[in-house]
Structure formats: C-alpha cells, structure tokens
Amino acid sequence: MTAVTDTPALNVDPIVLEIVEGTLASVEMEVETAIARTSRSPMIRDAHDFRAGIHDRRLRKLTGRSYSALVHPVARDYPLETMREGDVFFHNDVYESEGGIGHLPDLCVTVPVFHQGEVVAFVQAFGHHDDIGGACPGSMPSGATSVYEEGLMVPPIRLWDAGVPNEAALKIMTRNSRMPESLAADLDAECSACLMGAARLSDLFNRYGRETVEAAFDAILDKTTETYRREILSKIPDGEYVWEDYAEHDGVDEPRLHTQRITLTKTSTGGPGNGPKIVIDFTGTAPQAKGPINHCGDYADGNFLKKWLAPILRNLADTPERMAELDVNEGIVPLIEMKFPEKGTLLTPIFPAPTNARTFVILRLLGVLAGVIAKAVDGKMPADQETIRYTGVYGHDRDGNDYLMREVLGGGSGGRYYADGEDTIHVVPDSRNLPTEFTESRFPFLVERLGLAVDSGGAGRYRGGLGYEKQIRMLKDANFMSIADRSILACWGVKGGKAGKPFQVTIDPGGPHEREVDALADHEPVKAGEVIRIRTTGGGGWGDPLERPYDEVQRDLRWGKVSFEGARTDYGVVATGTKDEPVIDTAASDALRAERRAVRGEQPFFDRGPGYATLAAGASAADVDWL
C-alpha cells in the first residue's frame, strides 16, 4: 500500500545526500533519547524496549538502524490530505496494524511531518509498555485463547488533534491499565518526542526544499537495494532450499512441535532491474495455536516481515566490519517476495486468535532464515541465537502499593564460522537488563547474582555465547511471571556445532521447596526469603567441538565460561589445576578426542539438543537437518 504515486528520481549532490542521511539518523536518535529520558516505566526508560523510525510520504522506512512499526494503517484510515500539523495518531490493534504490531502492549504513535502545508514524512515510535489491561499484570496472559484477554485494543485514532490531546481517549487507556501513571507518562514522552522529531525534519525540508530532500530519500533506498543485490544476494547460489524450526509450547496445549518452515528460492533474475531476488515461502507452517504464540504476518505483502528478517542477510557480507555498516530500510523490500499459506496458520491467524507471545514465532523465523541460508552456503551463517523472554515479579511493595517488575533478559548468540558467539546479547537493539541499583531501590527484592551461566554456550570449534544467570531473593511474598520458550528445545548448532543450554527457572534452589517453573507462567507464588534463579539460553555452537584448540578451551576455563567437567564432556579436553591456572593434559585429551571421533558416526548438519527427542517421538533430528 502506498499513499501517492512514484515520482521520477533526481540526481542529488553527494554532500547534500550525506547531510540528509545523517540528519535522519540524528533525528531518530534524538527522538529515542528524548523518550528514554522523559518516560516513566522501567520497560521503556530502563530496558529500552522501544524503537523510533522515520518514513517518507510514500510510507517507506528511511532509517535502518533498527526495525519499526508501519505507517500503512494510519494512512489507510486517515488520508494524508486530512492530516494537520500537531496531529498524533495512535494504535496498538494487532489485526488493524497491517502486520506492524505484534501484541497489544506494543503501543505506537505516529506524527506527520509538514512542509508548506502538505505531509512529506512521518516520525513514529512504538514500544512495549508495562500494562494495557487484560487478564494478568503485564497484559501477556500465557494461557490466553483470544485477543480479548490480552488487553485494550485500539485501532488507529487521532490521539492529538492539531496539537490538542484527546483527553477522553487517554482516560480510557489509562483506566484500563494497572499502571496508569506510567502509561500516561510514557505516552506523553512518546508523543512529545515524535512532535519534536517532526519539527527537526520540517527544518530539513525548509533548508533544502522538498524536491531535493525527496530525491535524497530515493537515493538512500536505491543504495540499499543495490548494495544488497550486489554484495549479499550474489552469495546465495541459485536454487531452492528448505528448513524448519519449532516453537515448543503455546501455553494452552501440552508442549509439541509448532512448525515454522521456510522454502527459500534464489534466482538471478526477476528482481529490481531484472537482477536477483529471493522468494521466502512459509508453506508448511503449522496451524494457528490455541495459545498466544501467533503472529499476524500476512499483511501489506509481508512488508513488516521483510524488514524484520532482512538483517539476517547481513551475515553474508564479506567481513564483520562490512556487516555492521549495512542498514535495513525500505530498499530491501523489492528484493524479497513472500508467499504465505492460507489463513489459519501461526503466521496467518484468524481474528481473534491471541498473539501476546508472538515472539516465539517471529524470533524463531530469524533462525529459520539463517538455517535455510546456511544450507545454501555450506554453513557460513551463525548458529542459532537467543530469543526474547520476559521474566518478572509482581505483588505489593513495602508501602502496600501494587508493583510490577519485568525485564527482557538476553542470552547468547550463535557461534560463527570465524568467531565465538557473543555473551548475553539482546535481540532488541539497544535494550538491556534492568540496573540492580534501580530495581533494589524500587522493588522488594535483592539481586544476589547477575553473571554468566557457565557451560550454557553450545560447544563447537567456535563456541556459542553464554546466557545470563540471575538470582533474585524476594523480601516479601510475590508472584513470578515468565513468557519464554527454548526451555525444552535449545538454540541449535550448525556444521558439527552443538546446541546451547535451554532456558531454566528454579525457585528456592538447594532449599527445602526447590522447584522448576514452567517457561510460561503468569502467577507462580514465591515466599519471602526464597530465591528465584533464572538461567537464559546459550547460543548454538559452530563447527566440530573436537577441533577447538586447547588454548581456547584453557582460556574458557580461566574465564569461567566453561567448567572442568564441561571441557571434558563437550570438548574432549582433560584439564587439571585451578580455575585461575588450568592445565591441559594434551596426551589424555588427544586420546579422548580420538575415542570420541571413532564412535560418533555421521551427524546431521544441525544439532537441536537432547530436548528435541522429547517432542519428536525420540527422533534426534528432522529430515530437513541433513544436507
């Protein structure tokens, strides 16, 4: 969907082009900084679980540092010619967002940019807010069977009309939230920041004129299209490749394999300028789940999903440094065609299917795309990475007031064909765990440990990154909540690499009431004095762990990333001494590795870890896991 017809591209002075591109990046960062400094909820202010984006009047995303929602639903319901300066549009309705909003706690504000009385661009922000109503604190009920249980749905509305806030709408939204003051403050911060960003962009148009600035927009997107066509798609051999991965549970049915399948077709023609393109076909994806792991992907020709998945393609760049330079903006869209199955699947759910845990699907799809490309390029893609999980506690604070603490703890990224994975990364760009000093001063608990989960990274020639281990001691009775997967299945290893360790929550470890908590939990009671131990996922390993050099295993022992038992079990390395001064027994290690090689037999290209067999009737690998 586009708002206006295309206009012929003009040549742009390269210096002006650099200024325009730099201004867009600067405005985006300024908007995000303003939100972070003026919002109130921990999820927005401290965890930074929000994004800003800049789009042109043709609804194309111009910035590429991170993903963002879409302007399409706003332009669909409010024609550009009806918009006025000072307008702010709002929506969070998953099924009315054209695929740009995944679950109801993601609230989106959109501000049009004006030049000489006409709309020329949009500034947008959307983020995950503490609570928008629904069946449980945080608006993410793990057992939801319809979207009506998940909170207040708001289709696109004019939240500010020519600079005047719609007080009635704000009252309705805050009345439905368990954290009304935080919600009101966050919305005010986001609206004000986007209005500020719109003023900055208006200045850019006033300085250079509409024709020049819009020509620069075209040039920015054309550069992305050409870069990915020349540097990235050329690395994928023509052909058809198939792979699949799974969500493990949906909060309602018993755990089982919820399939997400991609058939990737690369052709050297058929794309822009009759150049290369890729077709991503999701046929074979499982039926929609009863529980909230569905994602509405089949809107606006998959526009959101194209930009969501495209960062995986950057791994094909010639060097890691070059990969870091590549943005993903609307220029990637013409290179990708998407084919969706009929309505009624995990990616094509039928209203009112629940969606609050849709990260189990859209984050898994990042790994499915990485895996299917790995089959095409002899494994020169990273092994599987961490996925978002929300953990938290809620109850009454020291003064008897209600509180809700949630955070998005990261995990390990996958090993790569040239390096180990990174520890405790966060998939959401710029997001982070909550500072201990802040949480201990505001909530009734103590953070007794925050460190690396030893041995959690998948073994490989290049080891997977480690996840977190966090231990929280409650000072008052409370309830623990978790929205997480990868608790049975694990982050897969590739080309001989092993899967990482899965997610795990233990309450009162070593105590009289020690118990494991399901990864999907809304209200697990925790008594004052009990400890909650959270261990997040480790990334998958890349390559044969028996090929990892001894000095690198010794370094891992010294750094505490691998235990002595883990070195022996996972890497075939016999070590003695202390953690500070580990000593490798080379002869014994050589013998142990030779023994392991002699008995292990042929292995699949992907290793899913031991949990896969529990959901696959004892099978150790899927048919698609072999080359």
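Arginine 364 sits in helix α9 (residues 359–376) of this predicted model; helices are DSSP runs of H or I with at least four residues, and strands are runs of E with at least two, numbered from the N terminus. With a relative accessibility of 2%, arginine 364 counts as buried, a term for values under 20% relative accessible area (1.4 Å probe, protein chains only). A polar atom of its side chain lies 2.9 Å from the backbone oxygen of tyrosine 246. Beyond residues up to four places away in sequence, arginine 364 touches several others, including Asp245, Gln260, Thr387 and Asp485, where contact means heavy atoms within 4.5 Å.

The model is predicted, so local features need pLDDT of at least 70 and side-chain atom pairs pLDDT 80 or more, while totals for chains, interfaces and linings use all residues. Residues are numbered from 1 along each chain as its sequence is written, and side-chain values use heavy atoms, with hydrogens and water left out.

Threonine 506 belongs to strand β17 (residues 504–507) and, at 0% relative accessibility, counts as buried. Its side chain makes a polar contact of 2.9 Å with the side chain of glutamate 516; such a contact is a pair of N or O atoms within 3.5 Å, within protein one able to donate a hydrogen and the other to accept it, with residues adjacent in sequence counting only if both atoms are side-chain atoms. Setting aside neighbours within four places in sequence, the contacts of threonine 506 also include Val531, Ile532 and Arg533.

Note on methods: Buried means under 20% relative accessible area, exposed over 50%, partly exposed in between (1.4 Å probe, protein chains only).
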